[in-house]
Amino acid sequence: MLNNQAGIDNMKRENDIVHNLRDIYGYGYTKVFSDVTDSVARMHISKTQMDIIKYIYLKGHATPSALASEMNVQRSAVTHTVKKLEQKNLVTVKQNELTNDRRSKLIYMTREAEELLEEFMDNILEKISEDVGELSQEEARTLHDATLTILKYIPGGIDDETHS
């Protein structure tokens, strides 16, 4: 009977964790994201355009084919989106000198795109800092430990000891 109760308690705890994370992620996507998107809205940047900028930021550069594969869209859609980003002076397209194929292109972020991402991330950090600014020291320690645990299990989370 005791083992059965422990199993029920564990199932309830796991269910509570899932629901709590749903609420946290939902808050992040709705409240935090909407509060910090002024810079993105000002430049009329779509989610797809922002995804391309983020990908290039992480990789340093990208080919249209790599972007199409990553985003699971046709290469022509990437080409169209990249042209819009070029018009906004957020990316540049250069000849791919890493290959002998003259048709091959590499896409790079401009300084303006870097500044846009920095502003966007600074706004997110500012909003989160406001939200957790009233935590006690004990609550802050507990939250810190919980975030490290979460980061171990999400894509792009903690891969090594450099984040701890």
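1. Ile128, Val132, Leu135 and Leu143 make a nonpolar surface patch of about 280 Å² (patch residues have over 30% relative accessible area and no salt bridge, with nonpolar side chains joined within 5 Å and like charges within 9 Å; accessible areas come from the Shrake-Rupley method with a 1.4 Å probe). Ile128 belongs to helix H6, residues 111-132 (helices are DSSP runs of H or I of at least four residues, numbered from the N terminus). Its relative accessible area of 39% makes Ile128 partly exposed (buried is under 20%, exposed over 50%, partly exposed in between).

2. This is a predicted model, in which local features need pLDDT of at least 70 and side-chain atom pairs count only at pLDDT 80 or more, while totals for chains, interfaces and linings use all residues. Residues are numbered from 1 along each chain, and side-chain values use heavy atoms, without hydrogens and water.

3. The whole structure holds 10 salt bridges (a side-chain nitrogen of Lys or Arg within 4 Å of a carboxyl oxygen of Asp or Glu). In helix H3 (residues 47-59), Asp51 and Lys54 stand 3 residues apart, about one helical turn, and their side chains form a salt bridge at 3.6 Å, N to O. Asp51 is partly exposed at 23%, as is Lys54 at 39%.

4. Asp101 and Arg103 are joined by a salt bridge of 3.2 Å, N to O. Asp101 is partly exposed at 29% relative accessibility, whereas Arg103 is exposed at 69%.

5. In helix H7 (residues 137-152), Glu138 and Arg141 are also 3 residues apart, about one helical turn. The closest N and O atoms of their salt bridge are 3.1 Å apart.

Definitions and conventions. Helix = DSSP H or I, 4+ residues; strand = E, 2+ residues; numbered from the N terminus. Buried < 20%, exposed > 50% of the residue type's maximum accessible area, 1.4 Å probe, protein only.
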